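Have a look at the sequence and the structure first, then read on.

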Amino acid sequence: MLRALAVDNYRSLRKLRLPLDQLTLITGANGSGKSSLYRSLRLLADAAQNRVVPALALEGGLASTLWAGPEDITRGMRTGDVPIMGTVRNEPINLKLGIAGDEFGYSLELGLPPQDPSSTSMFLGDPHVKREAVWAGAVYRPASALVERRNGLLQVREGRSWQQVGTMLTPFDSMLSQYADPAGAPEMINLRERIRGWRFYDSLRTDAEAPARRSRVGTFTPVLASDGADLAAAWQTIEEIGDSALLEESLQDAFPGAQVQIREDAGGFRLAMRQPGLLRPLEAAELSDGTLRYLMLLAALLSPRPPEFMALNEPETSLHPDLLPALGRLIVKASEQCQLIVVSHARRLISAIEAHEGARCWQLEKALGETTLLGQGLEDTPAWHWPAR
Ligand SMILES: Nc1ncnc2c1ncn2[C@@H]1O[C@H](COP(=O)(O)OP(=O)(O)O)[C@@H](O)[C@H]1O
Ligand SMILES: [Mg+2]
């Protein structure tokens, strides 16, 4: 199980240390940093797929995502006695992302490239991976490090000594994806595969053109696609090999009396839903955005191959408020099978989940431009050390 997420200098997350529970709920006002927190987890997952540099570029580039405030917010600045100003920087500002569980931790540090006026490359603005590490246990210590990367150089622990690895990494590649020697660093490959298994749902599509509204060739689908395109096949897969009783129970919880049917025609699999009061079932193309989205959430959360870790960003979007308590119960149920983090600002969803004892709810607040966790004390701040440069 993942225990801690650490983020430095990513947008308003100047220095975030978030403890992770089996079910973690993140709420907060607009602009408090919820989406940034969610995206920082996505960036970590991108590193395992070697997509972190392009992912940052899509967000406007590293320079615009780096924390725009001072390196340190002093006590005087907090009380208002001293104006907010840049202090002398002790280290170059870098984006740092880290995750740790009981067994392993991983951290990634990205920075702006060194200035080189003589270079003619067109990629001079791309961020560089400056530092990466994989370690054993929950907290990084030099003695617990298993794989260390400094700029292009990689070293792997071998017993009590370090083995320099011949691979020169380019500054844009994460070591997770580029170094794959199962004999040299089995822990790293294990970690990479685990991170690759994480699932993110933030862009389930329910618009008129959404692929889930049309028939499509169905194949065995234990994992719903991130846009929900293969909903009919994913639903049928749960019916055949998953917990179909729980699927039915959860459907009834949200839509009493409803019946979902998967059929196949020349165009492929199609989903329809029979509802009380209607003379014929409605095709996926005819369902309301909220109903279609709810069916997608059911298929995602009741996956017959639950991942170790799943993140949902604002699952309440376009749902009728009356569905939120049922969604809360569905999320709680799903968290028995996988570790979940849910970002939401729907009051009724939050109260439905908060009531559950395995869940932990954090409210984000912004103070002097910086995201903080309301009420976080030392006792619930996970220990964290970044590997030294
Ligand atoms: N480079 C930056 N440095 C500091 N703060 C930033 C930076 N970029 C964006 N922000 C701020 O970070 C906040 C993040 O918002 P976001 O995560 O989208 O919030 P939410 O999802 O809670 O509405 C915004 O208030 C924005 O002003
Ligand atoms: Mg947001």
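## Two helices crossing

Helix α8 passes α10 in a right-handed crossing, where right-handed means that the near helix is turned clockwise from the far one by less than a right angle, and left-handed that it is turned anticlockwise. The axes of α8 (residues 244–254) and α10 (residues 324–334) come within 9 Å and cross at roughly 160°. Axes here are lines fitted to C-alpha atoms, for helices over the stretch in contact, with angles from 0 to 180 degrees between N-to-C directions.

Who does the touching? On the α8 side, Leu 246, Ser 250, Asp 253 and Ala 254 make the contact, and on the α10 side Ala 326, Arg 329, Leu 330 and Lys 333; contact means heavy atoms within 4.5 Å. The residues of this contact split into four nonpolar, one polar and three charged. Nonpolar covers Ala, Val, Leu, Ile, Met, Phe, Trp, Tyr, Cys and Pro, charged covers Asp, Glu, Lys and Arg, and the others, Gly among them, are polar.

## About the model

This is a predicted model, so local features need pLDDT of at least 70 and side-chain atom pairs pLDDT 80 or more, while totals for chains, interfaces and linings use all residues. Residues are numbered from 1 along each chain as its sequence is written, chains are lettered from A and ligands numbered from 1 in the order written, and side-chain values use heavy atoms, with hydrogens and water left out.

## Domains

The chain is divided into domain 1 (2–24 + 33–198 + 367–380) and domain 2 (204–304), with bounds from an automatic or database domain assignment. Taken over C-alpha atoms, the centres of domain 1 and domain 2 are 38 Å apart.

## The six-stranded sheet

One open sheet has six strands in the order β10-β14-β15-β3-β16-β17, with mixed pairing. Helices (H or I, at least four residues) and strands (E, at least two) are DSSP runs numbered from the N terminus, and two strands pair if DSSP finds at least two bridges between them. β10 (199–201) and β17 (370–373) are at the edges with a single partner strand each, so one side of each has no neighbour in the sheet. Neighbouring strands of this sheet are turned by 20° against each other on average, direction ignored.

Inside it, β3 (residues 23–28) and β15 (residues 339–343) pair in the parallel sense over four bridges, and Leu 25 sits opposite Val 342 in β15.

## The eight-stranded sheet

The other open sheet listed here runs β2-β1-β4-β5-β6-β7-β8-β9, eight strands with antiparallel pairing. Its edge strands, β2 (13–19) and β9 (161–165), each pair on one side only. Neighbouring strands are turned by 10° on average, direction ignored. Helix α1 (residues 34–48) packs on this sheet, touching β1 (2–10), β2, β4 (95–101) and β5 (104–111), and its direction makes about 105° with that of β1. Helix α6 (residues 186–196) lies across β5, β6 and β7, at about 80° to β5.

Further along, five bridges join the antiparallel strands β6 (residues 128–136) and β7 (residues 145–150), with Arg 131 opposite Arg 150 in β7. Four bridges join β7 to β8 (residues 153–158), again antiparallel; their hairpin has two residues between the strands, and Asn 151 takes a positive phi near 50°. β8 and β9 form a hairpin too, with two residues between them and Gly 159 in the turn at a positive phi of about 65°.
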